Amino acid sequence: MLSAKSLFQEILDHDESFALFCSIAASGESQGGWENARIAALVPETQRDLAPKITRHGADEDKHGRIFDALLKKRGLDRVPVPPETDYTMLLERNGIGLAHDKLERDEPLTVQDVVTYLAHSRVTEQRASEQMELLRKHFADHPDLGRAVRMISNDEDNHLAYCHEELLRFAYAGHGRAIQRTLRECALAEIRIYRDVSLAVMAHMGRVLGWPKPKAALLAAGIHAVYVYERLGGWRRMVSLRMPERRNALGGPATPEPEAA
């Protein structure tokens, strides 16, 4: 029977597919760490109180990248090149979602609107990350090799999502509500399309590595397209709603160090 658990298990059990999975994940997390560090450095003076939380966000992302590297090392594997069509973070940036890298590479202070854009982009992408890690946590929380890493990253992603809700609501109360909703909608509609394309690319690469028969590959592709249809017809709205989270000030402290043996 084809299920999310059996699919992930198949990928995890094969060294080449596991290396690709961890490399894609580590690359995206490392990129997110760099972006947050630059944003924290460039936050405008009126929003300097937000800088420590953005720094914590970036530190968490860097930590996640190290965790995936540690999982590879534990298996005696190294990172492999990430195919460009599977690079979710870079594809978002190239499609104008979030803050452009050329802006972050300059030493010019960001504007308040830039900060709103960053938070809206993070609200959308952290929704996706939280859901993906919850799925892994559901099936692999007790896995002897992956369990601690999955639980830690999942908790961090939930913290990131809570932080985005809380800070966006603060900006909404300060008069940025219309800009926030417009940016959230634009980000969500672009993200679901890019996520579909990246998912198809990742599954195509995994299929070649694992030798999936054409019917299995076609079924998985159909499932990915079905998710996109659901999200395009209204599922995207879960990515743009805002509510005060139960986890208040979720990024108000230092990052939790990764497990010594991830």
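This is a predicted model: local features need pLDDT of at least 70, side-chain atom pairs count only at pLDDT 80 or more; totals for chains, interfaces and linings use all residues.
Residues are numbered from 1 along each chain as its sequence is written, and side-chain values use heavy atoms, with hydrogens and water left out.

I found His-101 in helix H5, residues 101–104 (helices are DSSP runs of H or I, at least four residues, numbered from the N terminus). Leaving aside neighbours within four places in sequence, I see His-101 in contact (heavy atoms within 4.5 Å) with Gln-31, Trp-34, Glu-35, Met-90 and Glu-93.

Next I turned to H1 and H7. The axes of H1 (residues 4–13) and H7 (residues 147–210) come within 11 Å and cross at roughly 60° (axes are lines fitted to C-alpha atoms over the stretch in contact, and angles run from 0 to 180 degrees between N-to-C directions). That makes H1 oblique to H7, since angles under 35 degrees count as roughly parallel, over 145 as roughly antiparallel, 65 to 115 as roughly perpendicular and the rest as oblique. I noted Leu-7, Glu-10 and Ile-11 of H1 touching Met-203, Met-206 and Leu-210 of H7.

Last, I checked H2 (residues 15–42), which packs on H7 at about 155°, axes 13 Å apart. H2 is therefore roughly antiparallel to H7.

Definitions and conventions
Helices (H or I, at least four residues) and strands (E, at least two) are DSSP runs, numbered from the N terminus.
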